[in-house]
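Hi,

Here is the structure I promised to pass on. Have a look at it first, and my notes follow below.

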Amino acid sequence: MYSTELKTLALSLLLATFSTAAVGQTPSQPAPADKYVTNSGFKNRVFEVHNRMPDDLVPVIRLLTSGFKGAELAASNEFRTITVRDFPENIAAIEEAIKRLDTPEVTRPDIELRMHVLLASNKEGASNQYPADLKDVIAELQKTLNFKDYTLLTSIAQRTRESRGPRNAYLDGRGSAEVAWPNPNVPSQTERRISNYQFYANSVALTSSPSGPTEIQLGEFTFSLSVPGTVTEARIHSDVRMRDGERVVVGTAGFSDKALILVMTARVLK
């Protein structure tokens, strides 16, 4: 333990230091004030969110906080709550904002997409095999493409809704289908192989006007087809725009000695 003399000396030096600071030169600039709130000015509040996801409201509500150290804003999608710790006036502004933003979403109609995946070739002796309702589309393709045979690989039905925003994909699907593939041991013959397909779009939007039909738009739509164990892949990538009920050829792509052709129809389900 310190002796009485050391305690007295330490106290004297401490008093001398404060005296020097009091009579000496003052700093040219005052130290910046800490914005941390140490008094009881902050209040806590838990808001229940009924119609929207709490996380979706946070980017807007955060702008209404004080920004002081110690202020907190947290959302829970599980409990559908937003918890705030801030000044009463900021909490009041946040409460008003939540009342205005937490409203039921507008009901969005379902959109049914039907995709026909065709393979076109010039193989001798091949017979055209495709649904009767594609007859007019095939006739137009035969006028513009240098292929004689058109065979349906698979048909896909997908239901989605209008969606836009910062998500990775609003339309996403995949599957497989058998395809006639050259036999590696006997090139003149073919064998049945499993091919894999995948499709996605970054946005699905509806546009309509009083004078025209509703249009369906798929942003950055991509369809790809590949055969496992080979390096062959066909990919169609395009923004798609079509009228309600209209059948369109989305695109074509080379696929080994064939061509991949994607035909799509979209309908808005009331």
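**What turned up**

Glu112 is buried, at 19% relative accessible area (buried is under 20%, exposed over 50%, partly exposed in between, with a 1.4 Å probe and protein chains only). Its salt-bridge partner is Arg114, with the closest N and O atoms 3.6 Å apart; Arg114 itself is partly exposed at 44%. By salt bridge I mean a side-chain nitrogen of Lys or Arg within 4 Å of a carboxyl oxygen of Asp or Glu.

Before going on, some housekeeping: this is a predicted model, where local features need pLDDT of at least 70 and side-chain atom pairs count only at pLDDT 80 or more, while totals for chains, interfaces and linings use all residues. Residues are numbered from 1 along each chain as its sequence is written, and side-chain values use heavy atoms, leaving out hydrogens and water.

Now the overall picture. The chain has 4 helices and 12 strands (DSSP runs numbered from the N terminus: helices are H or I with at least four residues, strands are E with at least two). It is 270 residues long, and 32% of them count as buried. Among contacts with a separation of 6 or more, 61% are between residues 24 or more positions apart; a contact means heavy atoms within 4.5 Å. The exposed surface comes to about 17500 Å², with carbon and sulfur atoms supplying 50% of it (Shrake-Rupley method, 1.4 Å probe; for residues, only the protein chains shown count as cover).

Back to the charges. Side chains of opposite charge can pair when their charged atoms come close. Searching the whole structure gives 13 salt bridges. One of them joins Arg161 to Asp110, at 2.7 Å between the closest N and O atoms. That pair ties together distant parts of the chain: Arg161 sits in strand 5 (residues 149-161) and Asp110 in strand 4 (residues 110-121), 51 residues apart. Arg161 is partly exposed, at 40%.

Another salt bridge pairs Arg235 with Glu233 at 3.6 Å, N to O. Arg235 is partly exposed at 45%, and Glu233 is partly exposed too, at 43%. As for networks, shared partners link Asp110, Arg159 and Arg161 into one.

Which loop holds Arg80? Arg80 lies between strand 2 (72-76) and strand 3 (81-86), and has a positive phi near 55° without being a glycine. Ser256 also has a positive phi, about 60°, and is not a glycine; its loop runs between strand 11 (247-255) and strand 12 (258-269).

Cheers
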